[in-house]
Amino acid sequence: MRREAKLLPAQAQGLTSKGLARVWVESHPRTGLELFGPLPEEKIEIQLGSRRNLWLQRVLEPHPQRREARCLHFGPCGGCTLQHLDETTQLALKSERIYRQLPESCQTLPPLASPQPFHYRTKVEFSFARQDLGFHRRGCFDRVVAVDRCWIAPPAHHQALQVTRAWMQDHQLTGWDARTQQGDLRYMMLRQANNQDFSEGQWLLLLVTRTGLDPELIRDWQRRMEPAGAHGLLWVEQSSTAGAIVPEHEHLLAGQERIEQRLGPLTFRLGWRSFFQSNPPAYRLLLEQLKTWLLPLQPTGLLDLYCGIGSIGLYVVPSECRLVGVENVAPAIEDARRCAFEMGRVAEFYISACEDWTDWADFSAAIVDPPRSGCHPRLLQRLIEDGPPEVFYISCNPERFVAELAQLKSAYRLEKAVTCDFFPQTGHIELLAWLRRL
């Protein structure tokens, strides 16, 4: 059954998980036509499929800024969702979606665009599935799209994919089958430092396999990959069937374990595990905005919650201000301490769940940068009861922040907010918010 529909902005593919987000983009199985996802205010023809899925058949009245996507894999690939819309309109739509949910008393600043709309990601993870290597197919946990070139990945990925595919085929190795939980190869992860344009960026390449794979096969992969110029080649053996990298044995095959990522005047040495924002040029814009809000307050002590490797606090806090970072991931705290030492900075970093942190005295400001799930409810309550006068909240899931704001408003007023596009070509956007105690 086919029907016509017109999308409201909140229903557009890639802009929200609600409404018609399941109008998937795929090559039509019979005609071969590539049908891209619907955009706000477009009039489209849809077909009702099985399992309540809606399939886009035709765009009857296209958005004025609709364009042809650069990527040949756009649609089936589960990565980008907005390549068929120009970057200026992408940013406006994503920001407006968030700004209209904030209190009218809040001052919203013009959104910060990513300096690089393509090839901005510093870290990508490819999955093996049966005989393929690529990104997960949209809506499928057990199938991948065998990408040849990704338009948001770092440049080094193209040669890494070619060499690894040839090696896989020559040795008749199998990719992981998520249904039978069998296979030789699991993941390939690439991390490349983005120092403005990747031109001098060092890179690491990690191969994840099942345990017990013949080391001579890995040495052959190493020999083939070394001419590509990776700063470090690593091998991880994994017996866990989890849908993520869970190392059991880790080996450095060649080169170094860490690369240097610059962030303004600072340099961070990152390993394959290190958490760091995937779009450093855009990240720096957000941190500079945070500094313009924070420094005039002349903070005497700053508490950095969910601090990761400490990049936010180390970047924005003046040396005379006491900096304390809290994070429950031990390797991240080890990275933070090492980075601070190498920079000659005096800072304190502690391994603790943020909701269990008890020392709230003598801090004039706090930075909160939680995961997509948001802050733990106990942390929100601690902020309400004991939080400092100023709180700067960085959210990778602004809808979650809006939900938490309903609780925080009993103690804080939302002063200012600004969005920053860390993820062009996708529906995601970052939010920086300044909350001031009532």
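This is a predicted model: local features need pLDDT of at least 70, side-chain atom pairs count only at pLDDT 80 or more; totals for chains, interfaces and linings use all residues.
Local features are reported at pLDDT of at least 70 and side-chain atom pairs only at pLDDT 80 or more, whereas totals for chains, interfaces and linings use all residues. Residues are numbered from 1 along each chain as its sequence is written, and side-chain values use heavy atoms, with hydrogens and water left out.

Of its 438 residues, 55% are buried. Here buried denotes under 20% relative accessible area, exposed over 50%, and partly exposed the range in between, with a 1.4 Å probe and protein chains only. The accessible surface amounts to about 19,500 Å², and carbon and sulfur atoms account for 49% of that area; the areas come from the Shrake-Rupley method with a 1.4 Å probe, and for residues only the protein chains shown count as cover. Among contacts (heavy atoms within 4.5 Å) between residues at least 6 apart in sequence, 66% link residues at least 24 apart.

Side chains of opposite charge can pair when their charged atoms come close. A salt bridge is counted when a side-chain nitrogen of Lys or Arg lies within 4 Å of a carboxyl oxygen of Asp or Glu, and the structure holds 21 of them.

One of these joins Asp356 to Arg378, with an N to O distance of 2.5 Å. Asp356 is in the loop between strand E17 (348-351) and strand E18 (365-368), while Arg378 belongs to helix H7 (residues 377-386), so the pair ties together parts 22 residues apart in sequence. Asp356 is partly exposed at 42% relative accessibility, and Arg378 is likewise partly exposed at 42%.

A second pair consists of Glu390 and Arg436, whose closest N and O atoms are 3.1 Å apart. Because Glu390 lies in strand E19 (residues 390-395) and Arg436 in strand E21 (residues 430-437), this pair ties together parts 46 residues apart in sequence. Glu390 is buried at 10% relative accessibility, whereas Arg436 is partly exposed at 26%.

Within helix H8 (residues 398-408), Glu404 and Arg400 are four residues apart, about one helical turn. Their side chains meet in a salt bridge at 3.5 Å, N to O. Glu404 is buried, with a relative accessible area of 1%, and Arg400 is partly exposed at 33%. Elsewhere, salt bridges with shared partners connect Asp170, Glu216, Arg219, Asp220, Arg223 and Arg224 into one network.

Conventions:
Helices (H or I, at least four residues) and strands (E, at least two) are DSSP runs, numbered from the N terminus.
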